[in-house]
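Hi everyone, thanks for making time this morning. Let me put the structure up, and then I'll talk you through some of its side-chain contacts.

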Amino acid sequence: PYDIHNCPEYPPEGYPIQWPILEVTKNWPTDDATPRHEIYQGLCVFDYRTELHKADNYRKAELPFVVRDDPASARTAERWMHPGYLDKLLMGKEDIQRRTEYSPNNHFMYWVDKRSRSERQRAAKKVKDAKLHGNDDAHGGFGRGDQEEFINAMHLLDNLHEARDRFDKAKAYAQKHQDDDEAQQEVQKWDKRLRDAKKARQDEESKNWKPPTENLRMTYLEWLDHANVTDDKLGPDNPHWYFRLIGCGDMGDHTADGSCDKGSSEWLFDELTFFQPRLGERRPFYMIEPQQQKGIHCRFGMKGVIAENHFDLSRNAIALLGGQRRYILAHPNQCNNMNLLPRGHPSARHSAVDWANPDLDNFPTFPKAHVNEIVMQPGDVLYLPTNWFHYIVSLELNFQCNTRSGGERLYRKEVNDCGF
């Protein structure tokens with residue numbers, strides 16, 4: 001119905017086209033980083049020099065698209081891919097250790113550390129001791145959870161949310177009916193069930209949950225030594241590392257000095273001028289609400305790295321500055337088919353389904369999901385609206401940076417209806 005390289009002025013009905021997820025992943029399994037001749041691309045690709053007015057129409061409609069041939073992003077990509085440029089830029093006179101994530105396989109799932117400080121310290125000491133003693137399984141306590149374990153965790157959280165809702169309603173009713181003995185008993189009943197649900201969830205987490213990744217710190221060249229390896233040392237069951245840079249900018253109070261991250265990279269705002277939070281006529285195209293910017297975040301991926309499917313609560317501009325990445329996207333109206341880990345889980349908003357090996361018995365709605373995909377090239381910038389799902393595969397060693405600038409409530413109903 002439309003040519004992705006010559007899209008109409010305004011988004012056509014049904015844009016972007018989506019296909020059944022199992023059809024897309026059968027054509028190109030997510031554990032395979034080998035490019036395909038034909039893919040299921042539904043996103044428009046706009047030329048920055050001649051079609052920026054079209055891109056603006058799609059942006060105003062809060063729909064995803066890719067901008068290509070932007071001179072500013074192309075120049076940055078050219079510099080970053082030049083041999084030795086990043087070595088000098090990142091190393092300089094100091095070997096600054098920056099955030100790096102480790103996974104025992106190629107799956108990376110974001111998580112919020114809800115362990116107590118003492119629990120975190122004990123876990124870190126255990127890993128450190130294992131390394132000192134030459135234990136090959138030093139990182140054995142990390143990794144993407146089993147799909148059946150996720151199902152159990154989801155049920156326990158559903159029970160907890162239901163008990164909390166029923167307790168709140170019973171308490172509100174009892175406060176208005178102080179003389180109603182049955183109402184007071186109902187409060188006591190749901191108070192006990194809420195405490196039992198909390199304990200069941202805590203017991204399950206302490207017994208089965210483990211962090212999907214290990215958070216480390218290493219220099220760029222240390223990461224590159226791990227990541228830039230031959231294909232025989234790659235594969236979904238081998239260790240993978242994800243290197244991170246953060247330019248804090250003005251991420252809230254007292255962060256303009258880079259205090260949001262040890263060894264922060266404020267020079268990113270000079271390298272990526274198209275992500276500078278300028279106002280008025282000087283506002284870059286990708287910065288919708290510059291005053292809402294939350295820094296510049298870069299992730300360097302090694303070949304085969306998978307960032308699990310999830311949605312974010314703000315709009316995103318994503319620039320690829322080296323290598324290739326495959327993005328699989330889905331409309332927020334696919335939320336109920338994504339089988340997301342619920343509110344309260346350390347990896348909430350992420351799909352419990354392993355897209356490389358989906359458990360269709362435990363997740364029977366997953367085949368109903370519809371998606372589209374695109375392979376980003378160096379210099380490309382993807383506009384990703386608020387609450388849109390994205391699953392990312394690194395097809396080779398690559399450098400990606402993104403920035404967020406506010407959010408829309410346009411798709412809130414879709415994500416609210418599936419528990420968020």
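A word on the ground rules before we start. This is a predicted model, where local features need pLDDT of at least 70 and side-chain atom pairs count only at pLDDT 80 or more, while totals for chains, interfaces and linings use all residues. Residues are numbered from 1 along each chain as its sequence is written, and side-chain values use heavy atoms, with hydrogens and water left out.

Let's begin with charges. How many salt bridges does a search of the whole structure find? The search gives 20, a salt bridge being a side-chain nitrogen of Lys or Arg within 4 Å of a carboxyl oxygen of Asp or Glu.

One of them joins Asp47 and Arg49, at 3.0 Å from N to O. For accessibility, I call a residue buried under 20% relative accessible area, exposed over 50% and partly exposed in between, using a 1.4 Å probe and protein chains only. On that scale Asp47 is buried at 17%, whereas Arg49 is exposed at 59%.

Another salt bridge links Lys60 to Asp56, at 3.2 Å from N to O. Helices (H or I, at least four residues) and strands (E, at least two) are DSSP runs numbered from the N terminus. Lys60 and Asp56 sit four residues apart in helix H2, residues 52–60, so about one helical turn separates them. Lys60 itself is exposed, with 58% relative accessible area.

Now for a pair that reaches across the sequence. The closest N and O atoms of Arg315 and Glu408 are 3.2 Å apart, which makes a salt bridge. Arg315 is in the loop between strand S9 (306–310) and strand S10 (316–322), and Glu408 is in the loop between strand S15 (398–405) and helix H10 (412–416), so the pair ties together parts 93 residues apart in sequence. Buried or exposed, what is Arg315? Arg315 is buried, at 2% relative accessible area, while Glu408 is partly exposed at 34%. Both belong to a salt-bridge network that also takes in Glu62 and Glu289.

Next, helix H3, residues 71–81. Its buried residues are Ala72, Ser73, Thr76, Ala77 and Trp80. Looking down the axis of H3, these fall within an arc of 130°, so they line one face of the helix; the arc is that of the directions from the helix axis to the C-beta atoms. Covering them, with contact meaning heavy atoms within 4.5 Å, are elements including helix H4 (85–91), strand S8 (293–301) and strand S13 (381–384).

On to the rings. Rings of Phe, Tyr and Trp (its six-membered ring) pair if their centres lie within 6.5 Å; planes under 30 degrees apart count as stacked, over 60 as edge-to-face and the rest as tilted. That rule gives 26 aromatic pairs. Take Trp19 and Tyr40: their ring centres are 5.4 Å apart and their planes are at 70°, so this pair is edge-to-face. Trp19 is in strand S1 (residues 19–20) and Tyr40 in the loop between helix H1 (21–27) and strand S2 (45–47), so the pair ties together parts 21 residues apart in sequence. Trp19 is partly exposed at 21%, and Tyr40 is buried at 18%.

Phe274 and Phe275 are edge-to-face too, because their ring centres are 4.8 Å apart and their planes are at 65°. Both of these residues are buried. They also belong to a cluster linked by ring pairs, with Tyr2, Phe46 and Tyr383 among its members.

To finish, two glutamines. Gln334 is in the loop between strand S11 (325–330) and strand S12 (370–376), and it is buried at 10%. Leaving aside residues up to four places away in sequence, Gln334 touches Gln18, Lys368, Ala369, His370 and Phe389.

Gln377 lies in the loop between S12 and S13 and is partly exposed, at 28%.
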